[in-house]
Amino acid sequence: MRGFRSTCSLRRTLPVAVLLLSAGDLFALPPILYNRGTVNAASLAPFGLPNAPIARGSIFTTFGENLGPATGQQVSAFPLSTTFGGVSISVTQSGVVTQAFPIYVSAGQINAVMPSSVTAGLATLRLFYQGVKSNAITIQIANSAPGVFAISSGGYGPGIVQNFVSATNEPINSLVTPTSPGQTVVIWGTGLGPVTFPDNVAPTAGNVSTPVTVTIGGQLATNLYSGRTPCCSGVDQIVATLPANVPLGCWVPVSINAGGVVSNITTMAIAAPGATSCDDPGNPLSKLVRTPGTQAFIHLEQVDTIENIVPATPVAKTLEQVYSRFYTRPDSPYNFDPYMSYPPAGACLVHQTSGDSFLTKSLRGALPASASLSPQPNQSYNNGTQSLNVGAISPFYAGTVGGTVNSTSFAMNPLGTGATFTIDPAGANQMVLAIAPEPPPAWTRPSAILVVPRNVPLALAFTPGDLAAPTAILLYAYAAATNSTVEVQCLAPPGATSLTISADTLANLPSSYRVIDGSYAELIIGTLGVNQAVSFTNGLAASGILLNSSWVSQSVALQ
């Protein structure tokens, strides 16, 4: 597909033959492979998560130091060789050594094709550059472990998806080039499974033997083709037709299930036939993400939570939390923000990232610190009876300003009537915004430990706190053993009293074993007050939103 070639990371540059070794090469630093630094080239799923193994016949990426030439080199012709740019990669299983096929080499990153001839299971990976060998690391190989390529190159946000209009008209799906229900799309990925032909030659078209399903917006799509693309070794092409009942929206989830393993979830824009852009009616957060320029996002949250996994006696907490950030949003048809790009009602997104992103707000796709206004403006929060000055903290302010622990209050009182948030108090851009408190949903939380199996759908029943507001469901899990985070983010339509989260959506959450190692998981159900969000503009932000939400949550065990 010509449209893919302009965006695929498999760049076309001629390799440079190394004819002579300089004196410096004789004392070259040894290559260093990072532990847990070998990942699916499309999803970048953190090592240890269920979809993180390297699939047979897939493209994988390994990160490290001194891995290859200072200037990156990309293969340009078949057949692929086991040595490229002075780099070779060995995969050892039970004493049997197999050579991978490097396709991109640089000092800090190598992309290579894992041969289909390897077997599923643990393996040892080692790299050689100019004859100097690296340390050995352990990797996990699977028959299938799909990943969907994303515009971001980071496995999140808009996927590399083409709208199939005709054989000569296949534009990349974007916020301003949406597809529509019933249309056929081409999804690009890797990791569907092994093939019977050599992995170093131009791929032969044909479906892989692995069973493959495509889910878009929570609905099964019709799978027309799922196999290699003739252009590129290890690259898969999934051709699917959208169902008629697929939800419309700017960030509709897209996932692939190959052999029971679920891919990362990327997104695509879907609109009514003939529309030239997508929309999420009634959700001002969507418009904020799609609008470039200076912006502000102020989010006030009330959280009522029960922690009963680690403590012997359950701990009941209420927390008053404030988040504020002034920043600049880029102008791109692929804009995405993990904290504001909600899926359409009835659907779920899944975010995967390294580290614990709860306090740092560092899910993949979050705006970098460099996007923030520096310094941040002075601000003031008033809960109706007390005030708190928020200093000029960069890149954002996020903190718990009050609450209770087992009915014992600390810091500020709960949000009440007459509450306000003031931007730039006594300054040239002062603006006072009224806060409309949102009631939380009613959810009957069990007194016993709540166990969530990851292989069956999770049905949740609740009473909405505000019939005019959507109910958001979050399932947040941090695994200390792999230092990785997975957050499931679902949206129920206004007035809904239940939502079922599919097994595919739950599949990539890490299991938790009730071990005190720093791991934790929370199920959170809340009123997302987009219907009462305050939109504003002033000299500091051309577009701004103040949002209030109210949540009930409980710690859970994932199995």
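A salt bridge is here a side-chain nitrogen of Lys or Arg within 4 Å of a carboxyl oxygen of Asp or Glu, and a search of the whole structure finds five of them. The structure also holds three disulfides, a disulfide being a pair of cysteine sulfur atoms within 2.5 Å. This is a predicted model, in which local features need pLDDT of at least 70 and side-chain atom pairs count only at pLDDT 80 or more, while totals for chains, interfaces and linings use all residues. Residues are numbered from 1 along each chain as its sequence is written, and side-chain values use heavy atoms, with hydrogens and water left out.

**Salt bridges**

- D279 and R290 meet through their side chains in a salt bridge, at 3.0 Å from N to O; the pair links distant parts of the chain, eleven residues apart, with D279 in the loop between β22 (266-270) and α2 (284-290) and R290 in helix α2. Helices (H or I, at least four residues) and strands (E, at least two) are DSSP runs, numbered from the N terminus.
- D279 is partly exposed, with a relative accessible area of 42%, and R290, at 25% relative accessibility, also counts as partly exposed. In these terms buried means under 20% relative accessible area, exposed over 50%, and partly exposed in between, with a 1.4 Å probe and protein chains only.
- D304 and R445 form another salt bridge, at 3.3 Å from N to O, and this pair links distant parts of the chain that are 141 residues apart, D304 lying in strand β23 (residues 293-307) and R445 in the loop between β31 and β32 (450-452).
- D304 is partly exposed, with a relative accessible area of 30%, and R445 counts as partly exposed at 22% relative accessibility.
- R228 and D236 meet in a salt bridge at 2.7 Å from N to O, and in this pair R228 and D236 are both buried.

**Disulfides**

- Counted along the chain, the bonded cysteines follow the pattern 1-2, 3-4, 5-6.
- C231 is joined to C232 by a disulfide with an S to S distance of 2.2 Å, and the link is left-handed, with -95° about the S-S bond. C231 is buried, with a relative accessible area of 8%, and C232 is buried as well, at 4%.
- C250 is joined to C278, with an S to S distance of 2.2 Å, and this link is right-handed, with 110° about the S-S bond. Because C250 lies in strand β20 (residues 249-258) and C278 in the loop between β22 and α2, the pair ties together parts that are 28 residues apart in sequence.
- C250 is buried, with a relative accessible area of 2%, and C278 counts as buried at 3% relative accessibility.
- C348 and C490 form a disulfide with their sulfur atoms 2.1 Å apart, and the torsion about its S-S bond is about 105°, so the disulfide is right-handed. C348 lies in strand β25 (residues 348-354) and C490 in strand β35 (residues 484-492), so the pair ties together parts that are 142 residues apart in sequence.
- C348 is buried, with a relative accessible area of 11%, and C490 is buried, with a relative accessible area of 0%.

**Strands and their pairing**

- Four strands form an open sheet in the order β27-β26-β30-β31, with antiparallel pairing, where two strands pair if DSSP finds at least two bridges between them. The edge strands are β27 (387-390) and β31 (431-434), each of which pairs on one side only.
- Within that order, strand β26 (residues 379-382) and strand β30 (residues 420-423) run antiparallel and are joined by four bridges, and the bridge partner of Y381 in β30 is F421.
- Strand β28 (residues 397-405) pairs in the antiparallel sense with strand β29 (residues 408-411) over three bridges, and T404 has S409 in β29 as its bridge partner. The hairpin of β28 and β29 has two residues between the strands, and N406 takes a positive phi near 50° there.
- Strand β33 (residues 458-461) has a covered face, L458 and L460, and an uncovered one, A459 and A461. In a regular strand the side chains alternate between the two faces of the sheet.
- β33 pairs with strand β36 (residues 498-501) in the antiparallel sense over four bridges, and A461 stands opposite S498 in β36.
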